[in-house]
Amino acid sequence: MKRIILLFGIIFSLVAVNVHAGETPTNAQKAHEQAMGIQKAVSLNPEQMAKVEVVLLNKLDAYDAIINDQNTNGAAKTEAIEALKVAKDKEFSEIMSTEQYNLFIAKREEAKARKAASH
């Protein structure tokens, strides 16, 4: 009986490892998931959703380029990433209505506060 339980435990562990060993999501997949989260939070229409997804994809691609740039030091990378965030927010403010954008900023600040409180 112990062998059967042990065998099932090993099989379950192997299945769990294989499930979590999947491929890393692409930037397009990440952008889509993030856009879906924003859509749920601020009720974007389909046109806004598509534009937000493009902005997020461009940001993720630019972020990867900054991180992988071997010729840039840490401080310059941090500045470039901050500039990306500012540019993204500017684009979001142009895509979203004032109410949607203010709600987006409020939700983001709430998430930051929750994260800080949990650490």
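**Close-up 1. D89 and its partners.** Leaving out neighbours within four places in sequence, D89 makes contact with Y101, F104 and R108. The model shown here and in the views that follow is a predicted one. D89 belongs to helix α4, which runs over residues 74-95. With a relative accessible area of 13%, D89 is buried, because buried means under 20%. The partners of D89 also turn up where two helices come together: K88, D89, F92 and S93 in α4 meet Y101, F104 and R108 in α5.

**Close-up 2. How α4 sits against α5.** Two packed helices are described by the angle between their axes and the distance between the axes. For α4 and α5, the angle is about 140 degrees and the axes are 9 Å apart. That makes α4 oblique to α5.

Close-up 3. Which residues of α4 are buried? They are K77, I81, L84, K88, D89, F92 and I95. These residues cover an arc of only 130 degrees around the axis, so they sit on the same side of α4. Turn to the face pointing away from that buried side, and you will find the exposed residues A75, E79, V86, K90 and E94. The cover over the buried residues of α4 includes α2 (27-42), α3 (46-68) and α5 (98-118).

**Close-up 4. The length of α4 and its N-terminal cap.** Helix α4 is made of 22 residues, and from its first C-alpha to its last it reaches 31 Å, close to the 32 Å expected at 1.5 Å a residue. What caps the N-terminal end of α4? The residue to look for is N73, which has a side-chain oxygen 3.3 Å from the backbone nitrogen of A75. A75 itself is among the exposed residues on the face of α4 turned away from the buried side.

**Close-up 5. α3 alongside α4.** Here the packing angle is about 175 degrees, and the axes of α3 and α4 are 10 Å apart. That makes α3 roughly antiparallel to α4, because angles over 145 degrees count as such. From α3, the residues taking part are Q48, K51, V52, V55, L56, K59, A62, Y63, I66 and I67; they meet K77, A80, I81, L84, K88, E91, F92 and I95 in α4. A62 and L84 make a handy pair to find: they are 22 residues apart in sequence, with their C-alpha atoms 7.8 Å apart in space. A62 is found in helix α3 and counts as partly exposed, at 26% relative accessibility, while L84 is one of the buried residues of α4.

**Close-up 6. Helix α3 from its start to its buried side.** At the beginning of α3, N45 brings a side-chain oxygen to within 3.0 Å of the backbone nitrogen of E47. Buried along α3 are Q48, M49, V52, V55, L56, L60 and I66. Among the elements covering them are α2, α4 and α5.

Close-up 7. Q48 lies in helix α3. Is Q48 buried or exposed? It is buried, with a relative accessible area of 10%. The side chain of Q48 comes to 3.2 Å from the backbone oxygen of I95. Not counting residues up to four places away in sequence, Q48 touches S43, I95, M96, S97 and Q100. I95 is itself one of the buried residues of α4.

**Close-up 8. S43, in the loop between α2 and α3.** This view shows S43, which lies in the loop between α2 and α3. Its phi is positive, at about 55 degrees, although S43 is not a glycine. S43 is exposed, with a relative accessible area of 53%. Even so, S43 is among the residues touched by Q48.

**Overview. The setting for the close-ups.** The protein has five helices and zero strands. Of its 119 residues, 20% count as buried. Among contacts with a separation of 6 or more, 55% come from residues 24 or more positions apart.

How values were computed
Residues are numbered from 1 along each chain as its sequence is written. This is a predicted model: local features need pLDDT of at least 70, side-chain atom pairs count only at pLDDT 80 or more; totals for chains, interfaces and linings use all residues. Side-chain values use heavy atoms; hydrogens and water are left out. Helices (H or I, at least four residues) and strands (E, at least two) are DSSP runs, numbered from the N terminus. Buried means under 20% relative accessible area, exposed over 50%, partly exposed in between (1.4 Å probe, protein chains only). Contact means heavy atoms within 4.5 Å. The expected span of a helix is 1.5 Å times one less than its number of residues. The arc is that of the directions from the helix axis to the C-beta atoms. A polar contact is a pair of N or O atoms within 3.5 Å; within protein, one must be able to donate a hydrogen and the other to accept it, and residues adjacent in sequence count only if both atoms are side-chain atoms. Axes are lines fitted to C-alpha atoms, for helices over the stretch in contact, and angles run from 0 to 180 degrees between N-to-C directions. Angles under 35 degrees count as roughly parallel, over 145 as roughly antiparallel, 65 to 115 as roughly perpendicular and the rest as oblique.
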